[in-house]
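Here is a short note for a colleague who has not seen this structure before. The points below can be read alongside the model.

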Amino acid sequence: MSKTVREIALAMGVPADDIVKEKQRIRDEIKRQNISVSKSGNKFVIDDDDVKKIIDALQTKTNEEDSNSNEEKEELLRKIAELESQNNKLKEDNRSKIEEVNRISSQKDEEIRRLNKKIEKYADDFKELNDKQMQLNNQQQQLQARILEQTKQLKDSQQKLLDSAEKSSQLQDKVDKMEKASLWQRITRKFE
């Protein structure tokens with residue numbers, strides 16, 4: 001007994017929404033295998049032996065495409081995990097730099113208080129007061145230079161963190177598109 005292209009698609013368990021696409025895949029496979037088609041009434045039919053060949057070939061292709069799609073998903077998930085790891089590392093670096101800036105700022109404040117007490121203690125001696133003030137100014141400039149450098153590094157770390165988050169979001173969008181893709185999109189690899 002012979003079957004039509006539609007009957008073959010239904011025999012493969014294709015959902016009604018995808019029947020047109022699957023019928024085209026079956027026609028393409030008939031051409032690829034040079035299978036002869038006969039006419040029965042007003043329908044074109046294919047011999048059962050050829051039907052089995054077509055179904056086997058299409059199921060193998062579908063399995064390979066699904067396997068490739070899964071490998072791509074796994075690779076994207078691995079990249080997302082790497083980016084999240086980098087993101088977490090940047091967050092930790094960021095936190096440590098903030099702590100260091102706070103520590104330096106606290107040291108600066110403590111140093112300023114200490115030097116101000118000395119200035120008050122030696123108020124009678126203007127030269128000594130002037131020397132202490134110069135020392136304070138030098139230390140403040142050094143601390144400010146260090147704070148500016150730490151602030152620059154903090155901004156750089158924050159930018160890297162933002163870039164990493166954006167890449168992670170883009171990769172997650174790709175994974176979502178692949179997971180929501182129809183069979184035809186998976187076959188053609190057009191996910192957008």
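1. Does Arg32 count as buried or exposed? Arg32 counts as exposed because its relative accessibility is 52%; exposed means over 50%, buried under 20% and partly exposed in between, with a 1.4 Å probe and protein chains only. The model is a predicted one, in which local features need pLDDT of at least 70, side-chain atom pairs count only at pLDDT 80 or more, and totals for chains, interfaces and linings use all residues. Residues are numbered from 1 along each chain as its sequence is written, and side-chain values use heavy atoms, with hydrogens and water left out.

2. Arg32 lies in helix 2, residues 19-32 (helices are DSSP runs of H or I, at least four residues, numbered from the N terminus). Between the C-alpha atoms of Arg32 and Ile19, 13 residues apart along the chain, the separation is 20 Å. Apart from neighbours within four places in sequence, Arg32 is in contact with Ala57 and Lys61, where contact means heavy atoms within 4.5 Å.

3. Helix 2 packs with helix 3 (residues 48-121) at an angle of about 115°, and their axes are 10 Å apart. The axes are lines fitted to C-alpha atoms over the stretch in contact, and angles run from 0 to 180 degrees between N-to-C directions. The two helices are therefore roughly perpendicular to each other, a term that covers 65 to 115 degrees. On the helix 2 side, the contact is made by Glu22, Arg25, Ile26, Glu29, Ile30 and Arg32; on the helix 3 side, by Ile54, Ala57, Leu58, Lys61 and Thr62.

4. The largest nonpolar core has 14 residues, and Ile8, Met12, Ile26, Ile30, Ile46 and Ile54 touch the most other members. Such a core is a set of buried Ala, Val, Leu, Ile, Met, Phe, Trp, Tyr and Cys residues joined through side-chain atoms within 4.5 Å. Helix 1 (5-11), helix 2 and helix 3 each supply at least two residues of this core, and the largest share, four residues, comes from helix 3.

5. Which residues does Ile54 touch, not counting residues up to four places away in sequence? They are Ile26, Glu29, Ile30, Gln33, Ile35 and Ile46. A second, separate core of six residues includes Ile80, Leu83, Val175 and Met178.

6. Glu120 is placed in helix 3. At 62% relative accessibility, Glu120 counts as exposed. From C-alpha to C-alpha, Glu120 and Gln86 are 50 Å apart in space, and they are 34 residues apart in sequence.

How values were computed. Parallel < 35°, antiparallel > 145°, perpendicular 65-115°, else oblique.
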